[in-house]
Every structure is written in C-alpha cells, then in structure tokens.
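Me: I am new to this structure. Please show it, and then let me ask what stands behind each label.

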Amino acid sequence: MACTRNGRLTELIDYIETLGVTVNTKTKARGNKGFLRGNRIDVSKKVNDGEAEQVLMHEFAHFVHSQKDKTLKNFNVIFNSDSDLIKEELVKVTNFVDNNSKCSELLEQRNKVAEEIKNLESLIKLEYPDFSRGGKYKKLEQQIKKTKAKYLLKHDRVKVLFWFAYEYFSVERIEKDFPNLPKVCVNYIKLRSLQRKRARISSKIGRLNRYYNNSGELFARFVEGLCKDNEKIKQLAPVTYDRFFQLLNSGYYGNLKNAFEIVDISYK
C-alpha cells in the first residue's frame with residue numbers, strides 16, 4: 001500500500017501485508033489507536049510514526065496469537081506456561097504501557113463518592129440512629145413515597161406523565177423541585193443516587209480490569225512495551241522477558257520474529 005510514513009514503519013507494513021493482512025493507516029481505528037478485525041489492522045492516522053509502530057506491533061501480536069488460539073483467552077498458549085509469576089509481570093508491563101489500565105481516575109471517583117455516602121449517612125443518623133445504608137430504610141421511604149419525589153428513589157432523572165403533561169424531576173434539582181421535602185429525606189434520596197453512581201463506577205472498573213487482564217491484551221501490550229522501551233520491560237518483567245525471547249528465537253511465535261527484526265528489537 002502507498003504510505004508516507006518512515007522507512008522502517010513502511011517496511012513493517014509491507015511485511016505484514018505479505019502475510020495476507022491489510023494494514024490501513026488512514027483511519028480513526030474506531031476511536032482507538034489501533035484495531036484488528038480478521039485479516040485487517042487499522043492504525044489511527046492521529047498517531048506519530050513511533051507510536052504507530054508500537055500500535056501496529058500490538059495488533060500484529062493479536063494476529064499471531066490468534067493463529068495459535070482463536071479465542072485469545074488461553075494464557076498457557078502464549079508463553080507455553082501457566083506461571084503465576086509471568087501473569088504478575090505482565091500486569092506490571094500493562095500498567096507501564098497503558099496508564100489507563102490502572103483505572104486511577106475511576107478509583108479516585110469511587111473513593112470520593114464513597115466519602116460522600118458516608119457523610120450523608122452520618123447526617124441521616126443524627127435523626128434516625130438506627131439507619132443503615134445497606135438496604136431500604138422504610139421510615140424514610142414511606143415519607144418519600146407520599147410525594148412525587150418517590151420517582152427519584154430509583155432514578156437520577158425522570159420524566160413523568162401527569163394527566164396530559166410531563167413533569168421532569170432530578171436528584172440534582174431536588175431542593176428546587178421539592179422545597180418542602182424534609183432535609184433528611186433529601187439526603188436519603190441523594191445517598192441512594194450516590195450508591196447507584198458508585199455501582200456504575202465499580203462496574204466500569206470491573207469491565208476494564210477484565211479487558212486489560214485478558215490473555216490477548218496482556219500479550220499484545222507486552223509486545224508493544226518491548227517496542228516502547230525494551231530495557232524497561234526487561235526490568236519490569238525479567239522472567240517473562242527471558243521466556244518470550246527464548247520462544248521467539250525458537251520460532252514459537254512464527255512470523256512475529258521477522259517483525260521484531262524489522263523494528264530492530266532483540267534480546268539484551
């Protein structure tokens with residue numbers, strides 16, 4: 001394919017395409033830096049040459065891995081081993097290669113929400129000492145259910161049809177929407193809203209952890225990491241590093257060996 005990228009990247013693209021894989025560097029890659037689908041690799045046009053090389057090797061690693069395991073889920077296949085130490089080292093590499101894998105911002109958000117929940121719980125307990133945030137609190141729910149604020153017990157925003165017109169309510173506007181609602185009821189509704197928010201954040205963290213820690217991504221980010229900083233990866237994952245190059249040089253990863261030679265990455 002025609003490419004205005006640097007010589008080494010062009011050579012890598014040309015090599016991968018000789019294997020029947022189409023490489024597209026003029027795309028948004030579905031909003032990602034890179035994407036593999038079948039025999040096609042997309043690399044975002046927004047990344048520079050150095051990063052494009054890393055992304056391409058990441059996606060090519062997926063392709064090579066898929067030749068051994070189409071599900072990309074069998075960890076044993078990647079390093080011909082089920083070593084827990086290798087798994088631990090790969091997580092360290094992933095955290096180095098992609099800072100988003102640490103979920104730092106989400107964890108910070110969840111901690112902040114948890115603190116807000118505790119504060120509201122303390123305020124509610126000033127009037128209802130037996131209050132517990134672990135479940136529905138009937139004494140307050142019964143009061144709230146006598147008002148239109150009852151819809152906010154389950155939803156942060158709601159549109160309700162009354163007769164022939166809609167009314168809109170939200171937790172953010174609760175004091176304005178329900179100026180006569182006792183403050184303790186307002187705090188209870190806000191607490192329930194924050195609990196839902198915390199659950200959503202936890203769910204997102206869980207999804208990201210499953211994504212970053214699946215076998216295919218761990219392997220691809222290890223390959224990407226070697227292209228990013230070979231020496232750093234050796235420091236972070238010495239056992240995995242030795243094992244990988246032992247298998248690479250023995251031909252275990254097939255065409256990946258030639259790709260590493262093109263990008264000039266070798267065992268140190």
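Reply: Start in β3, where I41 is the bridge partner of L36. This is a predicted model, in which local features need pLDDT of at least 70 and side-chain atom pairs count only at pLDDT 80 or more, while totals for chains, interfaces and linings use all residues. Residues are numbered from 1 along each chain as its sequence is written, and side-chain values use heavy atoms, with hydrogens and water left out.

Me: What makes β2 and β3 a strand pair?

Reply: Strands are DSSP runs of E, at least two residues long, and helices are runs of H or I, at least four; both are numbered from the N terminus. Two strands pair if DSSP finds at least two bridges between them. Strand β2 (residues 34-37) and β3 have 4 bridges, in the antiparallel sense, so they pair. They form a hairpin with 2 residues between them. G38 in that turn has a positive phi of about 65 degrees.

Me: How is strand β1 joined to β3, and which residue stands opposite D42?

Reply: β1 (residues 22-27) runs parallel to β3, with 4 bridges between them. N24 stands opposite D42.

Me: Why is D42 called buried?

Reply: Buried means under 20% relative accessible area, exposed means over 50%, and partly exposed lies in between (1.4 Å probe, protein chains only). D42 has 9%, so D42 is buried. R40 has 37%, so R40 is partly exposed. In β3, 4 of the 5 residues are buried.

Me: How do you know that D42 and R40 form a salt bridge?

Reply: The rule asks for a side-chain nitrogen of Lys or Arg within 4 Å of a carboxyl oxygen of Asp or Glu. Between D42 and R40 the N to O distance is 2.6 Å, so the pair counts. By this rule there are 16 salt bridges.

Me: What does the salt bridge of K190 and E175 tie together?

Reply: Their side chains meet at 2.6 Å, N to O. K190 lies in helix α8 (residues 183-212) and E175 in helix α7 (residues 174-177), so the pair ties together parts that are 15 residues apart in sequence.

Me: What makes a nonpolar core, and how many residues has the largest?

Reply: A nonpolar core is a set of buried Ala, Val, Leu, Ile, Met, Phe, Trp, Tyr and Cys residues joined through side-chain atoms within 4.5 Å. The largest has 46 residues, and F79, F244 and L256 have the most contacts inside it. α2 gives the most to this core, with 8 residues.
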